[in-house]
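Visitor: I would like to learn how to read a few local features of a structure, taking each with its general idea and then the case at hand. Could we begin with a polar side chain and its partner?

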Amino acid sequence: MPRRRTSRVNKTKPERRLHLKVSSPRIVCFECLRFLKSAAKVLLVLGLVGAAGWGAKSGMRSFFIENDEFQLSEVDLETNGEFTEGHFAQVTGIDPTASVFAIKLREIREKLLESPGIVKAELSRRLPGTLRVKVQERIPVAWLECRPLGIVGKDPKSGLLLDENGVCFPCEFWWEEKARLLPVVLVSQAEEGDVSIGKPLRHHEARRALELIKLSKETLGEGPWSLPVVAVRNDYSLQGATSNGVLVTFGMYEHKRQLADLITLMRSVREGGEVMTSVNLIPERNIPVKTSRPGSGGFQAENRLQRDILAILKQG
């Protein structure tokens, strides 16, 4: 009978480890020295990086900002109005001796846009020394006068200008000369909310007067039959005066037909050897016309509105 083989496995007993943490002044000193060495290495690296950054910054400043080659030599200005390089320097306070890299384009742009008369501004650099400026201005087409609100037409200090969309804005100093020749929209009654700087007129009748002025420039031109002033008479009519002193009453609408009638009537009266003093163009037929002999002058003011119209007309 064969023997059974058996194997005996000797199980090892689990090891017992003892962790001891020995602390002594000498060991603490070595640990501190090791920490100081590591910190010194980090500080050295940081110092080298900082020195390199300062050197690069100093070099770039010396090359770009203090280099005479990049000194501002020209302002290339493009505009749709009367804004010039001199006006640009006056508004922005730009240093004409500065480097083009020292000029902060964003700050200059913000200064330009602070003016309600400037709609859009774009700035860029063109090396070596040119600053390119593109400005879009509001182009005025008329003055607004409303005495109850303290707005005086043709006065750069207290008056307001209107662009073709009826947006109100102050008369900037670069527009003063050209603005003297613009017509006036006269409003006798308005609320403060009707007029806001930088926003379109909310006064319906005043907007109709502005539309009449714009159309009259196309129809009548700038001659003796032009309309230098159009006033809001009431909620259904306007009243204006031509350059040669004719008082004209318009409706709120049908201005194209009424201006055509005005041209026909003035030619007819002139051919008859007389001078027209007033006309009411609201009726389509049997239009009331007043005439006088040549040399007798224009219309005679009969109320406050007509006196205000006459006063603006005499300003030229």
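Visitor: Which side chains does the polar contact of 3.1 Å join?

Guide: In this predicted model, the contact joins the side chains of Gln239 and Thr249, at 3.1 Å. Gln239 belongs to strand 9, which covers residues 237–241.

Visitor: Is Gln239 buried or exposed?

Guide: Buried is the term for a relative accessible area under 20%, and Gln239, with 4%, is therefore buried.

Visitor: How should I read the packing of helix 2 and helix 3, and at what angle do their axes cross?

Guide: Two packed helices are described by the angle between their axes and by the distance between those axes. Here the axes of helix 2 (residues 85–92) and helix 3 (residues 105–113) come within 9 Å and cross at roughly 100°, which means that helix 2 is roughly perpendicular to helix 3. Phe88, Val91 and Thr92 of helix 2 meet Ile108, Lys111 and Leu112 of helix 3, and the residues of this contact comprise four nonpolar, one polar and one charged.

Visitor: Which residues of helix 2 are buried, and why do they line one face of the helix?

Guide: An α-helix has 3.6 residues a turn, so residues three or four places apart point the same way. In helix 2, His87, Phe88 and Thr92 are buried; because these buried residues fall within an arc of 115° when seen down the helix axis, they line one face of the helix. The buried residues of helix 2 pack against strand 1 (74–79), helix 3, strand 2 and strand 3 (130–137). Just after helix 2, Gly93 takes a positive phi of about 65°.

Visitor: Which backbone oxygens does the side chain of Arg125 reach?

Guide: Arg125, in strand 2 (residues 118–126), counts as partly exposed because its relative accessibility is 35%. Its side chain reaches the backbone oxygen of Val100 at 2.5 Å, and a polar atom of the Arg125 side chain lies 2.8 Å from the backbone oxygen of Ile103. Not counting residues up to four places away in sequence, Arg125 touches Val100, Phe101, Ile103, Leu105 and Thr130.

Visitor: How many residues apart in sequence are Arg125 and Asp76?

Guide: They are 49 residues apart in sequence, while in space the separation is 9.8 Å, C-alpha to C-alpha.

Methods:
Residues numbered from 1 in each chain as written. Predicted model: local features only at pLDDT ≥ 70, side-chain atom pairs only at ≥ 80, totals over all residues. Heavy atoms only, no water. Helix = DSSP H or I, 4+ residues; strand = E, 2+ residues; numbered from the N terminus. Buried < 20%, exposed > 50% of the residue type's maximum accessible area, 1.4 Å probe, protein only. Contact = heavy atoms within 4.5 Å. Polar contact = N/O pair within 3.5 Å; in protein donor to acceptor, adjacent residues only side chain to side chain. Axes fitted to C-alpha atoms, helices over the stretch in contact; angles between N-to-C directions. Parallel < 35°, antiparallel > 145°, perpendicular 65-115°, else oblique. Nonpolar A, V, L, I, M, F, W, Y, C, P; charged D, E, K, R; others polar. Arc of directions from axis to C-beta.
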